[in-house]
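Hi there,

Here is the structure I promised to pass on to you. Have a look at it first, and then read my notes below.

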Amino acid sequence: MLVARFYAPGDIRLEQAPEPTPEAGQLKIAVANCSTCGTDVKISRHGHHHIRPPRVIGHEISGRIVEVGEGVTGWSEGDRVQVIAAIPCGTCVECADGRFTVCSRQESMGYHYDGGFAEYMIVPEAVLAVDGVNRVPDNVSLAEASVAEPLACVLNGQEIAGVGEGDKVVVIGAGPIGCLHVRLARAKGASEVYLVDLNRGRLDMSAELVRPDAAICGSETDAVAEVLKLTGDRGADLVITAAASGKAQEDAVRMVARSGRISLFGGLPKDAPIIALDANAVHYRELSIFGANGSSPEHNKRALDLISTGAVPVADLITERMSLADVHKAIETVAAGTAVKVTIEP
């Protein structure tokens, strides 16, 4: 079978590999879709400290079960499934407290285990142990199901930040994650949602799909001033930084309202993780700043439900479909921002 293996930064190889056989406690799936994201770009360029090459990457996975390992119950050949990316251990202090997204022993598909950039893959026992395989509803395509994983992460972030009825929300970053944030904020009752990006082409492409109340191009105007103008100088109730940008995080403090919330959703580059924070603004204006990291198995289940009910549509966000042989092109398309969501169909 064909796989895409990471060997080193700048070295992802398309190779032939033996078709895997599930051991006891495992499932084997035929991968239908493995969508790509900014994390795949970062891995391709910089690697990741949890990846020991060679490793088949790809973590936004959906497919059909083709073989059930000994001892696995509740699943049959032909079942359509979505697989979690982040795998909590289920036993550490954090997991015992229900805080699965900050599991101290978390593993991941495509990092610790071979991922979905392959024609077939094994779902490891660790995933099944935390109920990390989800049945795809009949009205949800497998391409849509592959977007459940990033939507699950967005769901986690918005729950932490407390998005609710009547909120005025700013989303900084018009990539696929930003688009999902816009749609989920709407589903949660936000009264106004503004989308900000430096890239005019990406902003216009995404705004055409998700229809924010305002689309602000930060390379052409002062985004902070524009948000203040739109909110009558009050600022937004919540600012979500869905971009790997320190400036976006600094700007969030300047454009958020008194008693407002900031979600630092997008992580920063490893070589530039420090920002200049106006601590007095946080102190005197009683701001709340939240981190957000990945998702739990339960978030993935609920994300599939949001897609199935139409609360958060995702089909139109998939703007490019490519074969596994085009994986390099897919990753570069994500990096260039010329598509919203790119999915690989092995």
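**The second largest pocket and some details**

Strand 9 contributes the most to the lining of the second largest pocket, namely 3 residues. Before going further, please note that this is a predicted model, in which local features need pLDDT of at least 70, side-chain atom pairs count only at pLDDT 80 or more, and totals for chains, interfaces and linings use all residues. Residues are numbered from 1 along each chain as its sequence is written, and side-chain values use heavy atoms, with hydrogens and water left out.

Strands are DSSP runs of E, at least two residues long, and helices are runs of H or I of at least four, both numbered from the N terminus.

Strand 1 (2-8) and strand 9 (120-123) each provide at least two lining residues.

Tyr120 also has a neighbour over its face: Lys28, at 4.9 Å from the ring centre. Likewise, the charged end of Arg13 sits over the ring of Tyr7, 3.7 Å from its centre. For this, NZ of Lys or CZ of Arg must be within 6 Å of the ring centre and within 35 degrees of the ring normal.

Arg5 belongs to strand 1. Leaving out residues up to four places away in sequence, Arg5 touches (heavy atoms within 4.5 Å) several residues, including Glu15, Pro54 and Val56.

Finally, two backbone details. Pro53 and Pro54 are joined by a cis peptide bond, with omega about 0 degrees, and Pro54 is in the loop between helix 1 (38-46) and strand 4 (55-56). Ser259, in strand 15 (residues 256-264), has a positive phi of about 65 degrees although it is not a glycine.

Happy exploring!
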